[in-house]
Amino acid sequence: MLCNLGSIVTYASAAVAAFAGLAMAEIAPAVSYNNTLVYQRADPQVLKHTDGWYYFTGSVPAYDKVVLRRSQTIQGLSDAEEVTVWDRAKSTAGVGYVWAPELHWIGDKWYIYFALGRRSEFDIRMFVIEGEGENPLTAAWTEKPFIGTDYDTFSLDATTFEADGVRYLCWAQADPRYDNGAGTSLFLAKMDSPWTIVRPTTVVSRPALAWERIGHFVNEGAYVIQRNGRIFMTYSASATDHNYAVGLLTAPQGADLTDASVWTKAQQPVLKSNERTSQYGPGHNSFTLSEDGLSDLIVYHARQYKDIVGEPLYNPDRHARVQKLYWREDGTPDFGIPVPDGLTPVRLRAFGCGRSYLKHNENAAATLEGGVPVELTQFRIVEAGDNVRLEATSFPGRFLSVAEDASLRLVAEPGADADFVQAAGLADEAGVSFESAGRPGEFIHAESGVVVVKALASDKDNQGATFYTE
Ligand code: AHR
């Protein structure tokens, strides 16, 4: 088969790499989740702990408590029992909003970082509680002091991570030196305890780009994933309506992250609203690992409608969602688009062709290509009676269908030519092959960039008809 035989990281080494938190495999088997993951839980965090449990937390619409869930699977979080581990009504620490809790295991204790209004709703500062006990849902929680920083101003969305043996805290804070103290910039500092930081602190990002200044001048909701020799920090920007979007900062592994110059900022958002998939204001994400440890996942919130009446902050419909995070050949993350509700999509990588994928084209025949935006190579495999159909993720409601010239084109009203019988890969049972239900004996076949449905007459043909779901 005429393909560029790119390097395929084996699944075994991917598991080792993932466990070690080092370079994530370029290629890992598909994952399957059903969105929405958790309704009305904004700023979602899913933490895969060493005990094998997934822990979930997020902002509740009333902004008055900290809740936790846990499950052995990510999908199980959807209907897992939810426990209130801190209740503003039972504390004297603060009377205002409770925002964006994050659960972290540091040393031998649990810590939850969250924003809390000290003397009023918006007199917001970073607060920490410490939990003793293996299971944070039943731990004994004690309150720690508010986290002091260089300025006594509006500060929120604390996240902590360890990089090269150093523990850092990153948070959003109003900076009196910028925008006259309006909005928030991203600050970072080393930590000398789970509730204290080393000063002076560093500003690693300002809401300086146009897409960061719509409605509010905001950089907030940071979270870190470390892969491929780099530290990737996502954050969210603008007002929490459909303008909310995810940005990306990157620093080299091993750098002193309190040196602002080591951070490079993407000039465009890496995840933003998508009208076609009906996902608006995606943001305030976290990252976690799939159950097999082979795929990185991004967990974030979004609304399924664009127009909001009143202040977006008081709209409860920011729901928690999950989807796979892909990696480009240069080691950078490809966030794609916020996928539609329902079953998450897969990519179809051609047998023996490195990183070449079946790609849908809006008004042209499908092709086999590498190095293209991930969303153009994503398909939801939809059951259609005893058959399946391949629905284009970036064009929901449109399916690959066999045209008269045997090419595959997207159609909005699928018929028998869009029906396929999915079977084990003809050249490798670990893969999949798709036989046309309307043309028995003919299969989706990719070779040298060209994708057709055709009868197979050789082992080489079988290879061209074999794909791996990612
Ligand atoms: O969801 C409440 C707050 O809204 C979060 O702390 C912040 O990230 C967002 O602006």
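Guide: Leu-249 stands opposite Lys-265 in β18. The model is predicted, so local features need pLDDT of at least 70 and side-chain atom pairs count only at pLDDT 80 or more, while totals for chains, interfaces and linings use all residues. Residues are numbered from 1 along each chain as its sequence is written, and side-chain values use heavy atoms, with hydrogens and water left out.

Strands here are DSSP runs of E, at least two residues long, numbered from the N terminus; helices are H or I runs of at least four. Two strands pair if DSSP finds at least two bridges between them. Two bridges join β17 to β18, and these strands run antiparallel. They belong to an open sheet of four strands, ordered β15-β16-β17-β18, with antiparallel pairing. β15 and β18 (264-265) are the edges; each has a single partner strand, so one side of each lacks a neighbour in the sheet. In a regular strand the side chains alternate between the two faces of the sheet.

Between β16 and β17 runs a loop that holds Ser-238. Its phi is positive, about 75°, although Ser-238 is not a glycine. Most residues other than glycine have a negative phi, and most peptide bonds are trans. Ser-238 counts as buried because its relative accessibility is 1% (buried means under 20% relative accessible area, exposed over 50%, partly exposed in between, with a 1.4 Å probe and protein chains only).

Now the core. The largest nonpolar core has 31 residues (a core is a set of buried Ala, Val, Leu, Ile, Met, Phe, Trp, Tyr and Cys residues joined through side-chain atoms within 4.5 Å). Trp-99, Phe-161, Leu-186, Leu-188, Met-233, Leu-257 and Trp-263 touch the most other members. At least two residues come from each of β6, β10, β11 (166-173), β12 (185-193), β15 (219-227), β16 (230-237) and β17 (245-252). β16 gives the largest share, four residues. Another core, of 25 residues, lies apart from it; Cys-353, Ile-444, Val-451 and Phe-467 are among its members. In soluble globular proteins, nonpolar side chains tend to be buried together.

Next, the ligand. Around the ligand stand Asp-43, Ser-59, Trp-99, Ala-100, Leu-156, Asp-157, Glu-220, Thr-240, Tyr-244, His-284, Leu-313 and Arg-318 (each has a heavy atom within 4 Å of it). By type, this shell splits into five nonpolar, three polar and four charged residues (nonpolar: Ala, Val, Leu, Ile, Met, Phe, Trp, Tyr, Cys and Pro; charged: Asp, Glu, Lys and Arg; polar: the others, Gly among them). Asp-43 places a polar side-chain atom 2.6 Å from a ligand oxygen. Asp-157 has a polar side-chain atom 2.6 Å from an oxygen of the ligand. Glu-220 likewise has one 2.6 Å from a ligand oxygen. The protein covers 95% of the 280 Å² of accessible area that the ligand has on its own (areas are by the Shrake-Rupley method with a 1.4 Å probe; for residues, only the protein chains shown count as cover). β6 (98-106) and β10 (155-163) are the elements that give two or more residues to the shell.

Ala-100 has a positive phi of about 50° although it is not a glycine. At 2% relative accessibility, Ala-100 counts as buried.

Two cis peptide bonds come next. One joins Asn-35 and Thr-36, with omega about 15°. Thr-36 sits in the loop between β1 (34-35) and β2 (42-48). Another joins Arg-199 and Pro-200, with omega about 0°. Pro-200 sits in the loop between β13 (196-197) and β14 (202-205).

Finally, a hairpin. β25 and β26 form it, with two residues between them. The strands, β25 and β26 (residues 364-369), pair antiparallel over four bridges. Tyr-357 has Glu-369 as its bridge partner in β26. In β25 (residues 357-361), five of its five residues are buried. The side chain of Tyr-357 also makes a polar contact with that of Glu-470, at 3.0 Å (a pair of N or O atoms within 3.5 Å; within protein, one must be able to donate a hydrogen and the other to accept it, and residues adjacent in sequence count only if both atoms are side-chain atoms). Glu-470 lies in the segment after β35 (467-469). Glu-470 is buried, at 2% relative accessible area.
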